[in-house]
Amino acid sequence: MKISWTLFSTRRCTAILCALALLALPRTSGAATPPARAPEAAPVILIQNATILTVSHGTIEHGSVLIKDGKIAEVGTSIKAPKDAQVFDAAGQYVIPGIVDCHSHIAVDGSVNEGSISVSSIVNIAEVLNPDDINIYRDLAGGVTVANVLHGSANSIGGQTVVIKLRWGQPAAKLPFEGALPGIKFALGENPKRSNFSIPGGTPRYPTTRMGVEETIRAAFTEARDYQQAWAEYDKRSAAGDKNAVAPRRDLRLDPLVEVLQGKRYVHAHCYREDEILMLLRVAKEFGFKVRTLQHVLEGYKVADEIAAAGAGASTFSDWWAYKVEAYDAIPYNAALMTHRGVIVSVNSDDAEEATHLNQEAAKTIKYGGLTHDEALKLVTINPAIQLGIDNRVGSIDVGKDADLVIYNHDPLSAYAVVQKTLIDGRVYFDRQRDISERAGLEKEKKALTAKEKKAGEKKPDATIEMGKRPGAKPDEKKSEDKPKPQGDAVTGGAL
């Protein structure tokens, strides 16, 4: 195969320049997209003169938060800055705990659905985390510090899930929230029964009804229970010194379900209708496990007492409804009504853009349902932290907890509130002033790279060489009559 060396070099350079130009593109919202990097941080930080919304013990006017070694060291009104501390004067501003998004799909490399089978518990979101997903940075700009990253909803029992901290600039291995229990995604209703996803001429995937979804979950846990018992018997015989004991065959599909039965893995279940909500709660009771959160749960207000009695949490939307048939009975009062009935409720995003204003989504419950300011704020802070089992670390501003904090210029439940800084583990991962100051430089860099790319594309080839030969070597000469004649399209075999 012959190719122009100059053309080859030009195209290679063009590809590199294009990639660099993409890195320099500004955010569509106007904010800059900085290069991924670990933020600098002082060992000690003092945020002072702010209105501190602790979530757990009221509001502190003209308050301060002292951060040491990534933890909240002091909270109060008369904290003096230690020597060499970095001081943030937040006069007229508000500080809240970092927002926790209980239903997210950001930071995933590729599709979030393994839709080929209805029980795909073998796959794991933690294996495909993408630390370069720009949505991490954009959600930081909206005050989100923790996200529960879920598998999709194409399966009755989907893939394993992971809780992450939005540590922009860190490698994938640094994203998971240390010590947080893993989860697994279940789904009920239209999505797993695939009635709206059939391929003409293709074989439908089981199940195709809500009855089938229930049976699929029950059958999987029947297998898991037998598998668990087989291992228990083997362990017992092995511990007794039985050398003839043979270990059961390892089943990667059932291992996560045994962890659910043991209480070592949380179930997060996509659902909409009251009948399927009650169905899953009955199945969970039958097999002795808890549903940690009912996700979306748009008809939860109809069965709020039953959800509360089962000890399940509810993570819902603020006001999304009627986007498909099973969402027709959704109402914006859902979160408030479930809260009043004793359910631990959170408001989630399920969408990278929605996550940038979860504070305002929570605020809607004050209008729709009459929640208090504190109750509304809990929907995106301590409540989702409780649902994920990480409330001992995040969700409120208390001494000893992780210094995951957000500074707003207005009350965070106001439509005018804009994030000024977002901290995780006492390190600044988003700074609005720095973001704004870097936009001009990034725009300049983008234009320079674009100009180089354009210039490289205008160069013309000046020689041809065979692939594998060094630049400057003379190409082999062939007479025109020696050139092979067209033999038809290589793929179809048809005429050119």
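A salt bridge here is a side-chain nitrogen of Lys or Arg within 4 Å of a carboxyl oxygen of Asp or Glu. By that cut-off, the structure holds 25 of them. This is a predicted model, where local features need pLDDT of at least 70 and side-chain atom pairs count only at pLDDT 80 or more, while totals for chains, interfaces and linings use all residues. Numbering runs from 1 along each chain as its sequence is written, and side-chain values use heavy atoms, with hydrogens and water left out.

**Lysine 71 and aspartate 402**
- These two side chains meet at 2.4 Å, N to O.
- The pair ties together distant parts of the chain, 331 residues apart: lysine 71 sits in strand β4 (residues 71-76), and aspartate 402 in the loop between α11 (382-387) and β15 (405-408).
- Helices (H or I, at least four residues) and strands (E, at least two) are DSSP runs, numbered from the N terminus.
- Aspartate 402 is buried at 2% relative accessible area, while lysine 71 is partly exposed at 32%.
- For the cut-offs, buried means under 20% relative accessible area, exposed over 50%, and partly exposed in between (1.4 Å probe, protein chains only).

**Arginine 210 and glutamate 276**
- Here the N to O distance is 3.1 Å.
- The bridge joins helix α4 (residues 210-239) to helix α6 (residues 274-287), with the partners 66 residues apart.
- Arginine 210 is partly exposed at 22%, whereas glutamate 276 is buried at 3%.

**Lysine 421 and aspartate 431**
- Their side chains meet at 3.5 Å, N to O.
- Lysine 421 is in strand β16 (residues 419-424) and aspartate 431 in strand β17 (residues 427-431), 10 residues apart.
- Both residues are buried.

**Shared partners**
- One network of salt bridges with shared partners takes in Lys71, Lys165, Arg167, Glu178, Arg393, Asp402, Asp404 and Asp425.
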